[in-house]
Amino acid sequence: MPEPFEPRIVAFFCNWCTYLAADLAGTSRLRYAPNARVIRVMCSGRIDPQFVLDAFARGADGVLIGGCHPGDCHYQEGNYKCLRRFQLLKRLASQMGIEDDRLRLEWISASEGERVRTVMNDMVEKIRALGPLGRRKEVEEEAVVA
Amino acid sequence: MKPKVAFYWCASCGGCEEAVIDLAEKVLDVVAAVDIVFWPVALDFKTKDVEAMADGSIVATFLNGAIRNSEQEEMAHLLRRKTQVLLAFGACAQLGGIPGLGNLWNRDTIFNEVYRDSPALVNPDGVFPVTEHRDNGHTLRLPKFFDTVLTLDQVVDVDYYLPGCPPTPNIIEQAIGALLSGKLPPKGSVLAPDVALCEECSRRDTKPEKLALEAFHRPSEVLIDESKCILAQGVPCLGAATRSGCGAQCVEGNMPCTGCFGPTSRVRDAGAKSLSAIASMAASNDEAEIERILAGIPDPAGMFYRYSLPASRLRRKRQEAV
């Protein structure tokens, strides 16, 4: 019997806000969907669109980006750069057949542990409904049989 | 005995074949130095001539074009076997090129458009290509058309890459020189400088330190000032994320770079990197205003993956979503 589908999410969290919020969620013992592999980056402005596409190509069903609220960036405007790239990347992803709910940007400050839980649970549910992205399999098969 | 050389084309427009002729009188030096054993576009050789050659007897094969059907795949394997140094010649062989944009569709959607829906089509019997057809006791075969366009190195091992749409004469000349002298860089190298095009652009000094753009325009919508950085004028120019070596010919013709030389060695996904660079220049911190500015780029996949979709991380649009 095939195993039930568990969404696999790659989450890029900025060091100063969203990662601390996830930390807070943990120390507050909040329970939420365990589907994300969190990658800590210094700033959401460090998230190269290549990272996001690479995550999808290697089998992620969804990618979540978490950064500081507008105006709160530790490096002044890294999150704005992230927002600009995200908007265009989102349209590119859509052209590549990646549904809207699979790529998400959230501003979560260090005090919003609760928000991490809400966003994570919501994203997992939405992706569970969409089903697997199936990218890794598709890419591998193409490489062999064309 | 002169070294044996072959040229072949797969899924491409023929521009790469012309690029060889663009060597002008220098092509005579090439012809004098090598023995061309296979070049279907110019000389009458057949596949069986190649099959009859000893394995590894061709010193170098310049193969242009992407791989999108079974015949091209077979020829790539055959030439690989017969060749010591296989060069992916041009953007299509290296990255998938313009035909690579076919990866936004698949065989069915492409065939439907070309043989059923195109307004320019006359096909009253609704004939579609098939791989095998029997008629009067004879069997006719056509190559199988793939759903997905592939780069050459997704099919066979490639020794070197000559970038460009098409490769420019200076790049070709240097590559042939390196081949004949035996002074070749490490296997897998792209035979062009490993720096961005902005480095050799004549308008480099007019590129501002920090670019903040309030609108993006297509080249047809504005008069581009010939003396200033094209990107600074709001026309997306991909020079910043594209390998140099072409002499910035498009910019010299007052048109933006569209990225045909592909990425430098530090970049894995050319389109994503260009997108990143261009998007971050939108001069606003407001969500709605950023959206308005970026609306000036209506087709990100077409703009940023114009030559490189099959070589990108995702390679193609999801089959289920086509």
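Okay, let's start with Asn254(B), which sits in the loop between helix H8 (249–252) and helix H9 (270–279) of chain B. Helices here are DSSP runs of H or I with at least four residues, strands are runs of E with at least two, and both are numbered from the N terminus. What is the phi of Asn254(B)? It's near 65 degrees, a positive value in a residue other than glycine. As background, most residues other than glycine have a negative phi, and most peptide bonds are trans.

Speaking of peptide bonds, Cys165(B) and Pro166(B) are joined by a cis one, with omega about -5 degrees. You'll find Pro166(B) in the loop between strand S9 (160–162) and helix H7 (169–181) of chain B.

Before I go on, a word on the ground rules. This is a predicted model, where local features need pLDDT of at least 70, side-chain atom pairs count only at pLDDT 80 or more, and totals for chains, interfaces and linings use all residues. Residues are numbered from 1 along each chain as its sequence is written, while chains are lettered from A and ligands numbered from 1 in the order in which they are written.

The predictor gives the complex an ipTM of 0.93 and a pTM of 0.94. Chain B averages a pLDDT of 96, and 100% of its residues score at least 70; pLDDT is the predictor's confidence in each residue, from 0 to 100.

Now chain B as a whole. It has 11 helices and nine strands. Its radius of gyration is 22 Å, close to the 20 Å that the globule rule gives for 322 residues, so chain B is as compact as a globular protein of that length. That radius is taken over C-alpha atoms, and the rule is 2.2 Å times the number of residues to the power 0.38. Chain B is split into domain 1 (4–98 + 148–181), domain 2 (109–146) and domain 3 (197–319), with bounds from an automatic or database domain assignment. The centres of domain 2 and domain 3 of chain B, over C-alpha atoms, are 38 Å apart.

Over to chain A: five helices and four strands, running β-α-β-α-β-α-β-α-α along the sequence. Its C-alpha atoms fill a box of roughly 50 × 35 × 20 Å along the principal axes.

How do helix H1 (residues 18–27) and helix H4 (residues 113–130) of chain A pack? Their angle is about 95 degrees, with the axes 7 Å apart. Axes are lines fitted to C-alpha atoms, for helices over the stretch in contact, and angles run from 0 to 180 degrees between N-to-C directions. H1(A) and H4(A) are therefore roughly perpendicular, the word for angles of 65 to 115 degrees. Among the residues making the contact are Ala21(A) and Leu24(A) from H1(A), and Arg115(A) and Val116(A) from H4(A).

Last, where the chains meet. 27 residues of chain A are in contact with 32 residues of chain B, contact being C-beta atoms, placed from the backbone, within 7 Å. On the side of chain A that touches chain B, H3(A) gives the most, with 11 residues. That side divides into 14 nonpolar, four polar and nine charged residues. Nonpolar covers Ala, Val, Leu, Ile, Met, Phe, Trp, Tyr, Cys and Pro, charged covers Asp, Glu, Lys and Arg, and the others, Gly among them, count as polar.

Definitions and conventions:
Contact = placed C-beta atoms within 7 Å. Parallel < 35°, antiparallel > 145°, perpendicular 65-115°, else oblique.
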